[in-house]
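Please consult the sequence and the structure alongside the text.

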Amino acid sequence: MRMLRAGCRFGAVPRIVGAFAFAICAARVGFAQRPASMSQLDGRVSPTLRVQVAAIADSVAALGLPVAPLVDKTLEGASKGADDRRILGAVRVLAADLGVARRALGVSSSGEELTAAVAALRSGVPSSTLTDMRHSLPQRSLVVPLSVLSSLIIQGTPVPAAAMAVVTYTRHGDDSHLLVFGNEVARYIASGVAPIQAITSVDALMGTSVSSYSDHPPAPTRRPKP
Amino acid sequence: MDDDMMEETGGHGVSPEVRPNDSVDLAITILRAPVPTDARAFDAKVLQAIRQPVLPRVIPSSPASSWSRARSWTAIAAIAASVVFAVALNNLVERHDDTATRVSRVAQTTHSVPMQTVQFRLTYPNAQRVAVVGSFNGWDLSATPLRHIGGDIWVADIPLSAGRYVYQFVVDGHKRVPDPLAPNDPADDFGATNSVLTVVSRGAA
């Protein structure tokens, strides 16, 4: 009998542990399913704008697009003192741009990649170039390449040359290598060197095997899937 | 006579018919005789038994039953405790979420991603206070003030994970200033130019 009761107490331990493990899992699931960061809008924007942004966010989330950039755009507008109408317009345009970026990069793209792709699109990169980059660099995150690409284009580098340089440097090294390349090119351009010449000069200094940059976009390693 | 009886029974030993006068054999004969039954009465009994309501099962009080009751109470207590624990954990997470408008906004989404400390630096003459706002702190003006380190130089060290961030400095609470040493963000929706920061993780492939 004593052994039986001891067995009972011993048997309760894994049961309680299992219940607590279940509770932790349930809490984590609840946390994961909570809307990405909509709570950040509480007290920062008007209730009306919050509801309108939440409606757009719901639609965007239903399409599998990230919600966080929309929240961030709303907070940016509120921080800069923009009125609700302007903020809502910016959020709508961003939602549409995220859809274009996702169509260009594919459904497996991360939210960070899509945000960087939107910046690239707004800097003048055609969506076809984004698709080519995705298929030229299928195993890499495109966050840093797209960020460097946007910077090069804003500084006046033609899109084909900038895209080829970014793809080449991404293939030949890591993101740090690419970032150093982008910063050096920006420094050259800021000092008055023409963008193409800046790329060629930095390329020669860094010793990458690409010696010239044409106006042709980088050739994808495989054909993109629709 | 015995021979006659043997002939009648076919030579197979004792039979009830053989010695009807024997009381034991008579009893056996009676007991072996099939019981006459009324099929309809039997069916009626079965149906009546089926129609009777099922009585609740009475568990006798015994050491074994108290053991199973202890098990069930243990399970109920464990479930109740786990529910309370889950609610408390959710509240804790929610409170963390509420206070996450500062730098921890990044940490929310990148728990396992190594952070790197990035120093923001602005040289601005005659500034009384400087802050940095951006996508890493929810554009909160009070989240990340820069500290004055002498002269006109203001700095702030912020842990960030790898990614692309947009930001700008805010001088004296109202003047928006892009970082003169960083590229500009092409997306300018609100009329104040943002700067772009790209953070690369160490050893990034």
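Contact, as used throughout, means heavy atoms within 4.5 Å. This is a predicted model, in which local features need pLDDT of at least 70 and side-chain atom pairs count only at pLDDT 80 or more, while totals for chains, interfaces and linings use all residues. Residues are numbered from 1 along each chain as its sequence is written, chains are lettered from A and ligands numbered from 1 in the order in which they are written, and side-chain values use heavy atoms, with hydrogens and water left out.

## The two chains

Helices (H or I, at least four residues) and strands (E, at least two) are DSSP runs, numbered from the N terminus. Chain A has ten helices and zero strands, and its pattern along the sequence is α-α-α-α-α-α-α-α-α-α. Chain B comes to five helices and seven strands, arranged from the N terminus as α-α-α-α-α-β-β-β-β-β-β-β.

A residue is called buried under 20% relative accessible area, exposed over 50% and partly exposed in between (1.4 Å probe, protein chains only). In chain A, buried residues make up 47% of the 226 residues; in chain B, they make up 34% of the 205 residues. Among contacts in chain A between residues at least 6 apart in sequence, 65% join residues at least 24 apart. For chain B, residues 24 or more positions apart account for 65% of the contacts with a separation of 6 or more.

## Helix pairs in chain A

Axes are lines fitted to C-alpha atoms, for helices over the stretch in contact, and angles run from 0 to 180 degrees between N-to-C directions. Angles under 35 degrees count as roughly parallel, over 145 as roughly antiparallel, 65 to 115 as roughly perpendicular and the rest as oblique. A crossing is left-handed if the near helix is turned anticlockwise from the far one by less than a right angle, and right-handed if clockwise. Two pairs of helices are set out below.

| Helix pair | Axes come within | Crossing angle |
|---|---|---|
| α3(A) (residues 68-79) and α4(A) (residues 84-105) | 9 Å | roughly 155 degrees |
| α9(A) (residues 175-190) and α10(A) (residues 195-206) | 9 Å | roughly 135 degrees |

With that angle, α3(A) and α4(A) are roughly antiparallel to each other, and α3(A) passes α4(A) in a right-handed crossing. The residues of α3(A) that make the contact are P69(A), L70(A), K73(A), T74(A), G77(A) and A78(A), and those of α4(A) are I87(A), A90(A), V91(A), L94(A), A95(A) and L98(A). For the classes used here, Ala, Val, Leu, Ile, Met, Phe, Trp, Tyr, Cys and Pro count as nonpolar, Asp, Glu, Lys and Arg as charged, and the others, Gly among them, as polar. By these classes, the contact of α3(A) with α4(A) divides into nine nonpolar, two polar and one charged.

The angle in the second pair makes α9(A) oblique to α10(A), and α9(A) passes α10(A) in a right-handed crossing. Among the residues of this contact are F181(A), V185(A) and Y188(A) of α9(A) and I199(A), V202(A) and L205(A) of α10(A). The residues of the contact divide into eleven nonpolar, two polar and two charged.

## Nonpolar cores

A nonpolar core is a set of buried Ala, Val, Leu, Ile, Met, Phe, Trp, Tyr and Cys residues joined through side-chain atoms within 4.5 Å. The largest has 65 residues, of which M38(A), L70(A), L130(A), L146(A), L149(A), F181(A) and V185(A) touch the most other members. Helix α4(A) supplies the largest share of this core, ten residues. Apart from this core lies another of 21 residues, including V118(B), F136(B), L146(B) and A156(B).

Beyond its neighbours within four places in sequence, L149(A) is in contact with V125(A), M133(A), A162(A), A163(A) and V166(A). V166(A) is found in helix α8(A) (residues 159-172) and is buried, with a relative accessible area of 0%. Not counting residues up to four places away in sequence, V166(A) touches M133(A), P145(A), V148(A), L149(A), L152(A) and L178(A).

## Individual residues of chain B

Most residues other than glycine have a negative phi. N126(B), which is not a glycine, has a positive phi of about 65 degrees; N126(B) is in the loop between β1 (116-123) and β2 (130-134) of chain B and counts as exposed at 69% relative accessibility. W139(B), likewise not a glycine, has a positive phi of about 55 degrees. W139(B) lies in the loop between β2 and β3 (147-150) of chain B and, at 1% relative accessibility, counts as buried.

S201(B) is placed in the segment after β7 (195-199) of chain B. Leaving aside neighbours within four places in sequence, S201(B) is in contact with S176(A), Q116(B) and A162(B).
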